[in-house]
Amino acid sequence: MPTALWIAHVEVTDPEAYGRYAAGATGAIAAHGGVFLARGGRHVQLEGNDRARNVVARFPSLEAAVACYNSADYQAALAHAKGASIRDLVVVEEAN
């Protein structure tokens, strides 16, 4: 089964609330086998909409990433991000 990447492009509008999201999301992502590959840091926007924060996590499978997103722990964390950020999130299988 191919691994999957969770890719988020984020503009944080309320750093305090978003910090609560990040703290809760970290545990939920780890509990579903997710490992961060990029979390903020330098980037170069070549096309599309630029967002200051970019996050990439690898999961064991697409299903594990979606299960993480739908989990009670992640949804509880996500409640802090709503209204505290503008986000795009996609999960894509990696090529073998």
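This is a predicted model: local features need pLDDT of at least 70, side-chain atom pairs count only at pLDDT 80 or more; totals for chains, interfaces and linings use all residues.
Contact here means heavy atoms within 4.5 Å. Residues are numbered from 1 along each chain as its sequence is written. Local features need pLDDT of at least 70, side-chain atom pairs count only at pLDDT 80 or more, and totals for chains, interfaces and linings use all residues, while side-chain values use heavy atoms, with hydrogens and water left out.

## Overall layout

Let us start with the fold as a whole. The protein has 3 helices and 4 strands, and from the N terminus on they follow the order β-α-β-β-α-α-β. Helices (H or I, at least four residues) and strands (E, at least two) are DSSP runs, numbered from the N terminus.

How does the radius of gyration of the protein agree with that of a compact globule? For 96 residues such a globule would have a value near 12 Å, and the protein has 13 Å, which agrees. The radius is taken over C-alpha atoms, and the globule rule is 2.2 Å times the number of residues to the power 0.38. The C-alpha trace spans about 35 × 35 × 15 Å along its principal axes.

Of the 96 residues, 31% are buried; buried means under 20% relative accessible area, exposed over 50%, and partly exposed in between (1.4 Å probe, protein chains only).

As for charge, the mean positions of the 8 positive and 10 negative charges are 5 Å apart. Lys and Arg count as positive and Asp and Glu as negative, with His and the chain ends not counted; each charge is placed at NZ of Lys, CZ of Arg, CG of Asp or CD of Glu.

The table gives some residue pairs with their C-alpha distances.

| Pair | Separation in sequence | C-alpha distance |
|---|---|---|
| His 32 and Ala 65 | 33 residues | 7.1 Å |
| His 9 and Arg 53 | 44 residues | 5.9 Å |
| Tyr 18 and Ala 81 | 63 residues | 5.2 Å |
| Val 10 and Ile 86 | 76 residues | 5.7 Å |

Val 10 lies in strand β1 (residues 4-12) and is buried, at 1% relative accessibility. Leaving aside residues up to four places away in sequence, Val 10 touches Tyr 18, Arg 51, Ala 52, Arg 53, Ser 85, Ile 86 and Arg 87.

His 9 is also in strand β1, but it is partly exposed, with a relative accessible area of 32%. Beyond its neighbours within four places in sequence, His 9 has contacts that include Arg 51, Asn 54 and Asp 88.

Arg 51 sits in the loop between β2 and β3 (53-59). Is Arg 51 buried or exposed? At 12% relative accessibility, Arg 51 counts as buried. Its side chain reaches the backbone oxygen of His 9 at 3.4 Å, a polar contact, that is, a pair of N or O atoms within 3.5 Å; within protein, one must be able to donate a hydrogen and the other to accept it, and residues adjacent in sequence count only if both atoms are side-chain atoms. Not counting residues up to four places away, Arg 51 touches residues including Glu 11, His 43, Gln 45 and Ile 86.

## Tyr 18 and Ser 85

Tyr 18, in helix α1, is buried with a relative accessible area of 7%. Among its contacts, with neighbours within four places in sequence left aside, are Val 10, Val 12, Ala 81 and Ser 85.

Ser 85 belongs to strand β4 (residues 85-93) and is buried at 14%. A polar atom of the Ser 85 side chain lies 3.0 Å from the backbone oxygen of Ala 81. Setting aside residues up to four places away, Ser 85 touches Val 10, Glu 11, Val 12, Thr 13 and Tyr 18.

## The loop at His 32

Where is His 32 placed? His 32 is in the loop between α1 (15-31) and β2 (35-39), and it is partly exposed at 25% relative accessibility. The His 32 side chain reaches the backbone oxygen of Ala 28 at 2.9 Å. Residues up to four places away not counted, His 32 touches Phe 59, Pro 60, Ala 64, Ala 67, Cys 68 and Ser 71.
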